[in-house]
Amino acid sequence: MSGFVAVTLLLAAPLLLAAAGELLLERAGSIQIGLEGTMLIGAFAAFAAARSGANPHAALLAAAGAGLVAGAAFAAFAVAGRADPILVGTAWNLVAAGGTAFSYRLLAGATGSVLEIRTLPPFVFGLPAAVVGAFLVPAVLQVFLQRTRPGLRLVAAGENPLALEAMGGSVVFVRTAASVLAGALGALGGALLVLTVSPTFVEGVTAGRGFLALALVVFARWKPLRLVPGALLVGGATALQYRLQAGGGTRIPYAVFLALPGLLALFALAAARGRGGAPKALGTPAPRRRAISPRPP
Amino acid sequence: MKREPFARRLAIVAVAFSVAAGALVVLALLAGASPVDALGALAEGAAGSRAALGETLARATTLVLTALGASLAFRAGVLNIGLEGQFLAGAVAAAAVGPLLSGAPLVARAALLAAAAAAGALWVLPAAWLEARRGVPEVLSTILLNLVAAAAVSGLVRGALQDPAGDYPQSRALAEAVRFAPLVAGSRATAAILIAVALALLVALVLERTPLGLKLRATGLAPAAARAIGLPGARLRLLAFAASGALAGLAGGLEVLAVTGRLYDPFSAGAGYTGIAAALLGGSNPLAAAASAVLFAGLGAGSSAMQRDTGVPGALATIVPGVLVLAVLAARARQTGNEP
């Protein structure tokens, strides 16, 4: 496989995983704008595990574990605690960026030397299995949301939470589960970054990819399969940018490509009617039980 | 933004500060330092000398202005998360206009700051338009505009705004005569902090003591009721958008004018996000938000000294504001959860 296509796929995979997790959470009606922070947590967890002797696959698992915990922590504040998810997410980014930078400095000391880790071994076409797997996630998600009972309940939590509660479901439970999964996927995305393209951790290694993934969800209008072209576009643009930089060519397209996903998502939102296909209850707190129970006489 | 009685807010802030103090101690212990030494070095680095205080005040300007922008928007019910982008837009305007200016410093500075504020306000307009006309949540659009702004800065300092005298990705420097000089020798604090304090008082006055402020708050508190009594909700929201964008843009302009003298990449160390944290800690009250911003600035200045003296990583200055906000959110959720 030619180098350019391989690099495009490598760069698209972390975005795809993170965006798929975010899409799941948003379809359930919550939103984590601190996805950048979750990706950083995953990247650091994978790095720390690999530095302490874990093989790359175990490092990936460690990141997923850290992501599960991160997703549960977010849900504790924003779902069960019913705090505004936007505000929680803003604080989340600060804590994650600071926390990973703090931990990295403790682990690496002030030496400033680059601590390399082993990358994932190639599986097919020179790509690691996890990268190939990332491209299956949107399809799995599509089937899950459209064809399975838990998937439909998740969609109900995002579109009409009261209806789900009236059916005896728990919006808090569904959104918490979605948040835990989204945390794991976001952390895996971050981990994939340090286990493939850049085999070390630096402060802010995710470089805005969490925000790009947020934009991708909007661009895909909350439909899982539509994440793939968006992620490939961004991955391809970044790969092209690497190539141009390596070739010493003009660096102006760099900014254009950097701005492209955000601009595309803005245009997608502008072109769409209403909220552009966003879940109707996106960002609203889970209803309290007494809100729907009949009033006592 | 929901308002709470003063006593309740005080209780929430007390809880949050206890949590943050606990976090400070734990982080110092994790780094293998004595918490007493670490906190001592932090305090010393934030306010222990004229230079330290100057550093805190120099950092505070940006944070106070972005915190004010966030407070004003939140009080009017506008969730402007894009202060980072508006800050960058202001810095770009300052870097574009600045090197062209010469002559009377006062006029040049006023022109530069006006351009920065206008750029900040302009940068938020797409979000305001999308929200008003297309129902797009401003949270999404303002975050996307942050991305675009960061990309634009990255491109501009390598393209149209690049200093032709060097290969570095940075813009031309402002003339020394135009830049702010330190207020007192041996300190980095400039008149910029005075502008920030004056604006804090002005925003507080307008928001809390004028009919316009009342209208803005009413629109934020109870949009339906505000509409019912005939308030122009759409226009008030647009005003809140533009004013908060202008404040963040001004912060970017002042950063160039008073601190850096030029634009480079990456330019912001998260001023927009930390400003939002300060606003949340201050309950979106302009003066409390400004005080929180000064506190965070001191934390930033002090943590550099702490890292140098005790080896506790300075990233602590990013963690603690986040922890404070999370603690406030959790405490508030608990209290409202107990309401009948």
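This is a predicted model: local features need pLDDT of at least 70, side-chain atom pairs count only at pLDDT 80 or more; totals for chains, interfaces and linings use all residues.

Residues are numbered from 1 along each chain as its sequence is written, while chains are lettered from A and ligands numbered from 1 in the order in which they are written.

**Exercise 1.** Work out which helix of chain A gives the most to the side that touches chain B.

*Solution.* Start with the count: 42 residues of chain A are in contact (C-beta atoms, placed from the backbone, within 7 Å) with 44 residues of chain B. Next, α4 (85-108), α10 (209-219) and α12 (252-271) of chain A each supply at least two residues to that side; helices here are DSSP runs of H or I with at least four residues, numbered from the N terminus.

**Exercise 2.** Find the partners of A:A191 beyond its neighbours within four places in sequence.

*Solution.* Setting those neighbours aside, A:A191 touches A:G42, A:A43, A:A45, A:A46, A:A59, A:L60 and A:A63.

**Exercise 3.** Are α7(B) and α8(B) roughly parallel or roughly perpendicular?

*Solution.* First, get the geometry: α7 (residues 192-209) and α8 (residues 211-221) of chain B pack at about 75°, axes 5 Å apart. Axes are lines fitted to C-alpha atoms over the stretch in contact, with angles from 0 to 180 degrees between N-to-C directions. Roughly perpendicular spans 65 to 115 degrees and roughly parallel is under 35, so α7(B) and α8(B) are roughly perpendicular. Finally, the meeting residues include B:V206 and B:L207 in α7(B), and B:L212 and B:L216 in α8(B).

Technical notes. Two residues are in contact if their C-beta atoms, placed from the backbone, lie within 7 Å. Angles under 35 degrees count as roughly parallel, over 145 as roughly antiparallel, 65 to 115 as roughly perpendicular and the rest as oblique.
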